[in-house]
Amino acid sequence: MLTYWAEWAWLPAGPAASVAIDVSGGRIEAVRVGVERGHHLHTEHLRGIVLPGFANAHSHAFHRALRGRTSDHHGGTFWTWREGMYDLAGRLDPDSYYRLARGVYAEMALAGITCVGEFHYLHHSPGGHPYADPNAMGQALIAAAADAGIRITLLDTLYLAGGFDQPLEDGQRRFGDGSLEAWYNRVAKLTDGPASRIGAAVHSVRAVPDDAIAAFACSTEGRPVHVHLSEQQAENAACRSVHGCTPTELLERCGLLGPDLTAVHATHLAGHDIELLRRSGTTVCLCPTTERDLADGLGPARALAETGVRLSLGTDSNAIVDMFEEARAVEMHERLVSEKRGRFAPGELLTAATRHDSLGWTDAGAIAPGRRADLVVVALGTARTAGSDPAGIIHAAGAPDITDVLVDGRRIVSGGRHTAIDAGGELAAAIEELSA
């Protein structure tokens, strides 16, 4: 048993002072509030405020190599950005992807992310032919997360079409398995591990025909399932043209909506889409820094929350890896739309940032007995956080203010540095290799 004494800790009821957190076997055994600071042999003092580990519910690790390389005065849209993404995807193999992802997941660890949902569709060789191990790219991601010390839910993605009634384009061939059956047979070879879960995803309604979505929905029971939903208005227009309904309505027809599903983005919902999501128990994952980076638009975050739709957060393209920024952006974007402040309480934002259940880890995301000992220590005396009320830390702090991170009771960040990986150095080397 090891006891962590925290000056402040964010408990399920909110911030509390002088908190003792007893940890054994990677689990929180007990939480005691108002405990005088001691100097026992098995007590460690944590200065600042301790938060539950963040859950990054939506990531494309390889997009990190595009950071700072795709924004210029020539403008563009998501669709023009996508061409650069395809070019990058074509240069990756299992070894280079492992090296890049190691750096990406170490950066996430430094940002207090203790579990990542990797929306994985980069399956095969650039020509679309399987590697000797057909899951080599997915295994590279699992290995990279293990090295970085964070848990991963590999959301292996079904990707069959280049658009509604369109074949895969050249840049998409390595994403596809050819059929639902081939995808299912490949994914069946992947198994859960102590720090990894195998989930599933439909890339989008434009990339998977409706009959395949319906069959997919019958074959993934019990797994966390994700889908890109209404990220751009063009997707909505095309879906209405082909199917006479919104993407949300199509997913409802196909039987995919439900409590195991997380709909990513949900930016351009229309009609009774929100009610369909609420009634089915579907979670929505917002990725506000990517949604604004790609000029996708602002989603109806407050309207979703008010109807009871659960919200989670993701870094998506990893243009920014900072869960404080993702959480703040939800509130700030709502302020711009509504011209009102205080649209989300800090506790609501933190809940969205720590929602591990959408990734299949129902025993994480809170500092409470029986939960995984995922602890993130945020300094309260930096240039950004000095003088802040601990209850308002979500509005003041950023990833650089995180000093220590524990995952399942194991310290992976100490004094603001990863204990095993030079994240900056490894990212620079991996991206330089891909850019050569």
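1. In this predicted model, the domain assignment divides the protein into domain 1, made of residues 2–52 + 368–418, and domain 2, which covers 54–359. The contact between them draws 27 residues from domain 1 and 27 residues from domain 2, while the C-alpha centres of the two domains lie 30 Å apart.

2. The size of an interface is often expressed as the accessible area lost when the parts come together. Here the area buried between domain 1 and domain 2 comes to about 2000 Å², with carbon and sulfur atoms contributing 67% of it. On the side of domain 1, the residues that lose the most area to domain 2 are Ile394, His395 and His418, which together account for 31% of what that side buries.

3. As for polar and charged interactions, two salt bridges are found across the interface of domain 1 and domain 2, and eight residue pairs are in polar contact across that interface. Arginine 151 forms a salt bridge with aspartate 408, where the closest N and O atoms are 3.1 Å apart.

4. Turning to secondary structure, the elements that give two or more residues to the side of domain 1 touching domain 2 are β4 (43–52), β13 (375–378), β14 (402–407), β15 (410–414) and β16 (417–418). Of that side, β14 supplies the largest share, namely four residues.

5. By residue class, the side of domain 1 that touches domain 2 consists of 18 nonpolar, four polar and five charged residues.

Methods. Residues are numbered from 1 along each chain as its sequence is written. This is a predicted model: local features need pLDDT of at least 70, side-chain atom pairs count only at pLDDT 80 or more; totals for chains, interfaces and linings use all residues. Side-chain values use heavy atoms; hydrogens and water are left out. Domain bounds come from an automatic or database domain assignment. Contact means heavy atoms within 4.5 Å. Buried area is the accessible area (1.4 Å probe) that two parts lose on being put together, summed over both. A salt bridge is a side-chain nitrogen of Lys or Arg within 4 Å of a carboxyl oxygen of Asp or Glu. A polar contact is a pair of N or O atoms within 3.5 Å; within protein, one must be able to donate a hydrogen and the other to accept it, and residues adjacent in sequence count only if both atoms are side-chain atoms. Ala, Val, Leu, Ile, Met, Phe, Trp, Tyr, Cys and Pro count as nonpolar, Asp, Glu, Lys and Arg as charged, and the others, Gly among them, as polar.
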